[in-house]
Amino acid sequence: MNRVGLWLLVVPVLFYNVICINVSTRPEIVTVGAMFSFNSPIGKPSKIAVDAAVEDINSNPGILKGTKLRMEMKDTNYSGFLGIVEALRFMEKETVAIIGPQSSVTAHAISHLANALQLPLLSFSSTDPTLSPIQFPFFVRTAQNDLYQMAAIAELVDFYGWRDVIAIYEDDDHGRNGIAALGDKLAERRGKISYKAALSPDPTQDEITNLLVKIAMFESRIIVVHVPGSWGPKVFSVAQHFGMLSNGYVWIATSWLSTVLDTNSPLSQDAMDNIEGVLTLRMYTPQSELQRKFISRWSNLTRGKVVDGRPIGLNAYALYAYDTVWLLARALDAFFKQGGNISFSNQSQASKLRGGNLHLNTLNVFDGGKLLLHNILQISMNGLTGQVRFTSDGNLIHPAFEVINVVGNGYRKIGYWSNHSGLSILPPEALWSKAPNRSSSNQKLRDVIWPGQTTEKPRGWIFPNSGRHLKIGVPNRVSYREFVLVQGQSISGYCIDVFTAALNLLPYAVPYKLIAYGDGRTNPSGTELVRLITAGVFDAVIGDIAITTNRTRMADFTQPYMGSGLVVVAPVKNVDSGAWAFLRPFSGNMWGITAIFFLVVGSVVWILEHRLNDDFRGPPRRQAVTILWFSFSTWFFAHRENIVSTMGRLILIIWLFVVLIINSSYTASLTSILTVQQLSSPVKGIETLQSSSDPIGYQQGSYAQNYLINELNIQESRLIPFNSAEESAQALKDGPSKGGVFAMVDDRAYIELFLSSRCEFSIVGQEFTKTGWGFAFPKDSPLAVDISTAILKLSENGDLQRIHDKWLLRRACSSQGARTEVDRLPLKSFWGLFVICALACLIALLLHFLKMVRQFSKHYPEENQHSSRSSPTARLQTFFSFFDEKEDDVRSRSKRRQIEGSTSRSCRADNGSTSNPNYDRGHTDTEISSNNTTGNGSQV
């Protein structure tokens, strides 16, 4: 009992001491450093927000449990050097964390020191996407990553259908890395940065002027400005002076401009005029009661603090700065709860650098740095900016931006961008609970007032004012020069007229120069012409350029202005009708099967009607004639016999339907043979060429060669090129026996022109490819889209047809109305009808047979009783005899048997009392059996 009492006294004391030790680990004051430019658009409100956060934390004993937070703030004054120096000063002291730096350039340098000394850096303004937690684990970005801002700009550019942008940026780590991220995001959407315009970190007005003059020479009018807010407005001031904020231009500024607007509002009228119609982004912070209270408190916090005669406005960076201090305070509280101590050790590599005036040996490692960093990244809280929580890659959750349009003396919000659902007019938090939907129909923004005070979406590009003309390649054709005719410096033709007519419909002038390509002796390859666009030799290619798969990989094509495709042309000759023309509509198999079915259907109907219908009874010769007559008379629907059975009528209805189809097809085909001029050719189409080994001709430079080799697997040795229509015609006339070709394969557009004066040839078979002709431009060229629209207008107003008639309308030869020899109608065109008819006949015969077996069993019961003693031949002979009998006779005889049977049973009943009943019954049975046998024989 004494030991128990002793333990009861000792345990509470030990527990009290443990609690006291834990409480004693919390210091009275925790020192935190902060460094940013106090007079910058970001720094001015952020300093006030940080002071307010420290005051709120120290006035709330429930946050740090009696520990006070001391914030030592240093002004880096836009200097990276001062930023590094101030960071080193913080690291010499017992500083547990640093809020800052403001500049991403400084953050890159200080993060190496933070890694070595295990000192967390919490920056609410260093948004460079290359500040990776993998390389810099002690750097914590407490604002949105610029990677998401560049993704928002890329989606904005894609939303309006633009492709090329020009980027103006500050030539430092923050500017270069941000623009590199923008280039990557644009590339994901088939966009690109056509020109990167770098400015020094502190550019002069002359430097900005020279750069904007250079930008004005480019064709893109989509300009993204990614510069600091301290001198960013100077860019727009110079651009306004040069008229670059007028119609046709699109200016997109990153979040620096919205920061300037929020901090320095209201701006002067001149400053607002300089940014009229500009789009900018702002980090999105969802509205909350906590944020509303802080906004209403802001006027008290900034009372008496005026810069350049204007009060300091609240921007998004100030909200993130406030939340950053609270984030650190909560992490420190968790740090102390886990037993963390504020202690430093001189174990860093800097301790080896003794001597000199730098005193680097005073830099100590924060022993609890890793634990504090872990707690910072694990914090989840609700702040002024919404929910504050980090993802596994060190970024804040729910990245989102507001899209702002500067209008008049202020700005208007036209929508939002979030990483979850893209562009939307709904606040991002309204979509976070829904499944992501990035479809184009779901991407929406409100109307924009663009530079020049217009609501019409700018085209996004113009032809540069460099005086340079577009170099447009044109094939120097040898054959079919109606399409492209090159005569010295003069170039004309159908394709040229279509192109010039389309250019005339454009709302802007296009300076160009036509350049003929080819030696004038052979037709140039269209594929080679398109390849020269990718090589930079030509800016575009026009002419008879077919749109094929491999060419679309090298260039963008306009809307086809002429539909076409590959066809086969071969020699043809007239075919006379002849004395046996009436046999030509059907193939031999078709005639044979039709004749067989006439006989089969006639036989089936005879079987079904024989026992019921007197028209199908009689001597064998008469019945055979009846079958033949009935069968073939159905061809003309002239049969005279009446059908009385249900099965027979059903079979006849089906057969008459089949005969109707066959008769109609025969009549139509025979009419065509006798009335339309027929042309015959051994070539029936591309299938004939594939199965033969004869030579095939094609036009030099045509894509037909590659198609025949690669797609149809025709040997290249069989293909013979020709440069002119005359060569092609002569080769077709000569044929393979005289060194010519079996047939020609070419584009329908050429062949129609070829056949307009050559009646001895014709297109055989069907067109086996579908393609069209278009004009080729470089990939993602905006001119290709505008030319396509113009071609559609030419087609709608009839100008395209008028140009076609001007160059390509020719008087057709007399045989153009003729048809190539019609193929005979094959059996496969009718096999479905024959199958239906055959199945109906089989089913009818089966049912008829089952019916006869049932009747036979009913009317001849003695055959079943004596079947074991009768031979199969006798039973079969009896069944055939039964089949030949008329059904009415069988029924009459069956009734007579029933009457005789009932009479015999009455006699046996009357003689039941005689002395020899067995004798009487046997005698009576024998008598009845004898009568039955006699009756059957006489009937047969």
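Is Asp-556 buried or exposed? Asp-556 counts as buried, at 18% relative accessibility; buried means under 20% relative accessible area, exposed over 50%, and partly exposed in between (1.4 Å probe, protein chains only). This is a predicted model, where local features need pLDDT of at least 70, side-chain atom pairs count only at pLDDT 80 or more, and totals for chains, interfaces and linings use all residues. Residues are numbered from 1 along each chain as its sequence is written, and side-chain values use heavy atoms, with hydrogens and water left out.

**Overall**
- The protein has 31 helices and 36 strands, which are DSSP runs numbered from the N terminus (helices: H or I, at least four residues; strands: E, at least two).
- Of its 940 residues, 49% count as buried.

**Salt bridges**
- The structure holds 30 salt bridges, each a side-chain nitrogen of Lys or Arg within 4 Å of a carboxyl oxygen of Asp or Glu.
- Asp-556 pairs with Lys-779 in a salt bridge, with the closest N and O atoms 3.5 Å apart.
- Lys-779 lies in the loop between strand 35 and helix 25 and Asp-556 in strand 25, so the pair ties together parts that are 223 residues apart in sequence.
- Lys-779 is partly exposed, at 36% relative accessible area.
- Glu-188 and Lys-185 also form a salt bridge (4.0 Å, N to O), and Glu-188 is exposed at 60%.

**Arg-282**
- Arg-282 sits in strand 10 (residues 279-283).
- At 13% relative accessibility, Arg-282 is buried.
- Beyond four places away in sequence, Arg-282 touches residues including Asp-262, Glu-402 and Tyr-411; contact means heavy atoms within 4.5 Å.
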